[in-house]
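I opened the structure to look up what covers a few of its helices and strands, and what surrounds the ligand. My entries follow.

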Amino acid sequence: MDETAAAQDLMLLKRKVNELKQSIKPTDENVLELTAEYPQSPLSLKIDVLTAELDQILDAQTLERAKHYLSRLRKGIDESITGKVNDINILRWKEYTDIITDSLWIIDRRDSSGAHLGWYWGNFIPQIPHQLMLRYSKRREWVLDPFVGSGTTLIECRRLGRNGVGIELNPTVAQKAEELISQERNDFGIKADVIVGDSRSVDIGEILGGRGVSKVQLIIVHPPYHDIIRFSEDERDLSNAKDVGSFLSMLGQVVANVTPFLDEGRYLALVIGDKYQNGVWIPLGFRCMDVILSQGCYSLKSIIVKNFDETRAKRSQQELWRYRALVGGFYVFKHEYIFVFQKVKD
Ligand SMILES: C[S@@+](CC[C@H](N)C(=O)[O-])C[C@H]1O[C@@H](n2cnc3c(N)ncnc32)[C@H](O)[C@@H]1O
């Protein structure tokens with residue numbers, strides 16, 4: 001690249017760029033590993049993005065323009081500029097094609113690799129905590145999930161190198177989650193523990209203190225969607241709240257309990273769906289959103305609409321719901337929400 005950048009005429013520069021391009025051999029993973037003396041070495045580049053950038057240089061009409069594109073490419077390889085809340089190198093932003101930035105998420109298939117067995121009725125698809133962590137946390141930071149269920153968030157923590165703490169009311173579920181989490185590889189040597197407790201009152205300060213930290217950098221909240229699925233007989237379980245009002249107040253207690261332990265400027269994400277009650281659509285998602293905003297320290301950053309994962313529903317059930325919808329004049333739920341909040345003051 002040094003040689004190429006030193007070229008003093010456009011034809012020569014393009015010839016060298018072409019040689020560079022020809023030297024890149026396609027791989028199945030679409031990745032080129034650079035092990036030479038780069039500041040961030042070893043460094044991997046996405047071959048399709050790199051090739052497109054080299055093509056842009058080859059299409060340049062002037063030497064000045066070609067050099068501009070070349071130096072931009074070079075900067076992206078030599079330097080790394082990341083923001084305050086994630087590890088995304090904005091100089092190579094084009095490479096993050098796996099990170100969703102649209103507010104409508106259509107995800108066809110759940111990630112069922114590794115420890116993600118999807119056994120728990122009411123879990124979320126791993127892509128949700130995966131995306132949230134990539135956008136709103138850095139490697140080795142701490143993630144808190146006060147409704148950890150089968151441990152999906154913590155399995156992703158292990159994959160992405162984030163430390164995690166999950167709280168779960170049901171000890172049997174918590175134990176199974178721990179077993180599965182421990183089966184996932186832990187290449188970054190992070191901690192990912194499940195604590196049995198009621199997230200409305202459990203002592204978060206003590207839990208974090210026991211792990212040598214006082215704050216977390218991301219909170220992922222995936223509560224029961226009120227009584228849509230009853231998770232236990234326990235009256236402390238939000239799915240046993242006697243009505244929507246009590247459910248909202250219990251959720252408010254959980255959020256009030258965890259919020260003091262979120263760093264200012266960092267994010268809390270709520271994953272929730274709506275429900276029907278006596279033939280009336282209850283906008284549970286928006287009512288929960290209001291509960292969180294009423295805490296007075298969060299600002300709303302995004303509302304994501306995600307398609308509803310229905311791979312577990314039987315075809316006969318789907319047909320029954322379609323029939324009922326046609327007859328009853330309503331629509332069948334096909335989406336849930338992810339509300340993203342930023343903590344703007346302590
Ligand atoms: C929607 S599920 C979360 C699923 C999880 N995201 C997963 O992928 O497995 C909600 C969980 O919250 C738990 N739960 C309900 N009330 C709770 C409370 N007060 N404190 C802690 N956990 C609670 C339930 O037992 C259930 O496992």
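I count two residues as in contact if their C-beta atoms, placed from the backbone, lie within 7 Å. I note that the model is predicted.

Helix H5. I looked up residues 127-136 and found 9 of the 10 buried. Among the buried ones are Gln 127, His 130, Gln 131 and Arg 135. The buried residues of H5 pack against strand E4 (142-145), helix H6 (152-160), strand E7 (216-221), E8 and E12.

Strand E5. I checked residues 163-168 and found 6 of 6 buried. Asn 163, Val 165 and Ile 167 point one way, while Gly 164, Gly 166 and Glu 168 point the other way. In a regular strand the side chains alternate between the two faces of the sheet.

Neighbours of E5. E4 pairs with E5 in the parallel sense over 4 bridges, and Leu 144 has Val 165 as its bridge partner in E5. I recorded E4, H6 and E5 as a right-handed β-α-β unit. E5 also pairs in the parallel sense with strand E6 (residues 192-196), over 5 bridges; the partner of Gly 166 in E6 is Val 194. From E5 the chain crosses through helix H7 (residues 171-183) to E6, and this β-α-β crossover is right-handed.

Helix H10. I listed the buried residues of 284-293 as Leu 284, Gly 285, Cys 288, Val 291 and Ile 292. Seen down the axis of H10, they fall within an arc of 115°, so they line one face of the helix. Their cover includes helix H9 (244-258) and strand E11 (298-307).

Ligand. Of the 25 residues around the ligand, Asn 123, Phe 147, Gly 149, Ser 150 and Thr 152 come nearest. I noted the shell as 10 nonpolar, 10 polar and 5 charged residues.

Conventions: Residues numbered from 1 in each chain as written. Predicted model: local features only at pLDDT ≥ 70, side-chain atom pairs only at ≥ 80, totals over all residues. Buried ≥ 20, exposed ≤ 12 C-beta atoms within 10 Å, placed from the backbone. Helix = DSSP H or I, 4+ residues; strand = E, 2+ residues; numbered from the N terminus. Arc of directions from axis to C-beta. Near = placed C-beta within 6 Å. Nonpolar A, V, L, I, M, F, W, Y, C, P; charged D, E, K, R; others polar. Pairing = 2+ DSSP bridges. Right-handed = clockwise from strand over helix to strand, strands pointing away.
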